[in-house]
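Please view the sequence and structure first.

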Amino acid sequence: MITKTSKLAAIIPMKPLEFTKTRLGGLFDSSQRTALSLGMLKVVVDAVSNSKIDKVWIVGGDNAIKQIATELNSEWYEDAGRDLNDSLAQSFQLALDSGLIPIYLPADLPFLKPADLEGLVRASHQGQKLTLSPANRDGGTNAIIVPSNSSFSPILGLDSFKRHSRQAEELNLPMGTYNSPGLGLDLDTVEDLKVYEKMEPDLLNRLTGGVDLFP
């Protein structure tokens, strides 16, 4: 189990709900994408809340996201960044200034479990080592643990795992990686959904609480 040697804060960025999962727009309308996005957010927050991570920060979104954060016993912060990476960098610094070790997590990990997070934190030596989890599909990064006294900056986007690894090498930062299904499988595209429904035929029902996305 994770020991309590470091205080940890999971940082989950969110967009306003009308802009979530737009790559699924050919399959679902806005209200359906909202139901799916909120379902995945709840999965991620639930996994964090049942791990040994101390805090959950939801950053950005809209008033609906702010309300959901309250319902999920999470802290909500306004997005003051120019873009995702700037927002995340500001959140990392706020956590570090508060004596917390920040953990970036995306809100679209439908299979995330507490055990995935506990393994991630163990790999980071309880938050003392920069640790990344790669996305299985697009070369992205689905988790980042940033130790204190680090000048590491997030550069999420295409092939970000390679770019994050290169940055760590340039900064001479010891870096670990952690792979698990729950952290590796994010849901962005129709193809993702087709693959995941083969893995779990009842996936959409689980994520949306019974909302029928195919009436």
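Sorted by residue class, the lining of the largest pocket divides as in the table. The model is a predicted one.

| Class | Residues in the lining of the largest pocket |
|---|---|
| Nonpolar | 13 residues |
| Polar | 12 residues |

At least two lining residues come from each of β1, α1 (30-49), β2, α3 and β6 (141-145).

Helix α3 spans residues 84-97, 14 residues in total. From its first C-alpha to its last, α3 reaches 20 Å, close to the 20 Å expected at 1.5 Å a residue. At the start of the helix, a side-chain oxygen of D83 comes to within 3.2 Å of the backbone nitrogen of N85. N85 is itself buried, as are D86, S87, L88, S91, F92, A95 and L96 of α3. The buried residues of this helix pack against three strands: β1 (8-14), β2 (55-60) and β4 (101-104). After α3 comes G99, which has a positive phi, near 80°.

The last item is a loop residue. D29 sits in the loop that joins β1 to α1. Is D29 buried, exposed or partly exposed? The relative accessible area of D29 is 41%, between the limits of 20% and 50%, so D29 counts as partly exposed. F19 is 10 residues from D29 in sequence, and their C-alpha atoms are 11 Å apart in space.

Methods: Residues numbered from 1 in each chain as written. Predicted model: local features only at pLDDT ≥ 70, side-chain atom pairs only at ≥ 80, totals over all residues. Heavy atoms only, no water. Helix = DSSP H or I, 4+ residues; strand = E, 2+ residues; numbered from the N terminus. Expected span 1.5 Å × (residues − 1). Buried < 20%, exposed > 50% of the residue type's maximum accessible area, 1.4 Å probe, protein only. Contact = heavy atoms within 4.5 Å. Polar contact = N/O pair within 3.5 Å; in protein donor to acceptor, adjacent residues only side chain to side chain. Nonpolar A, V, L, I, M, F, W, Y, C, P; charged D, E, K, R; others polar.
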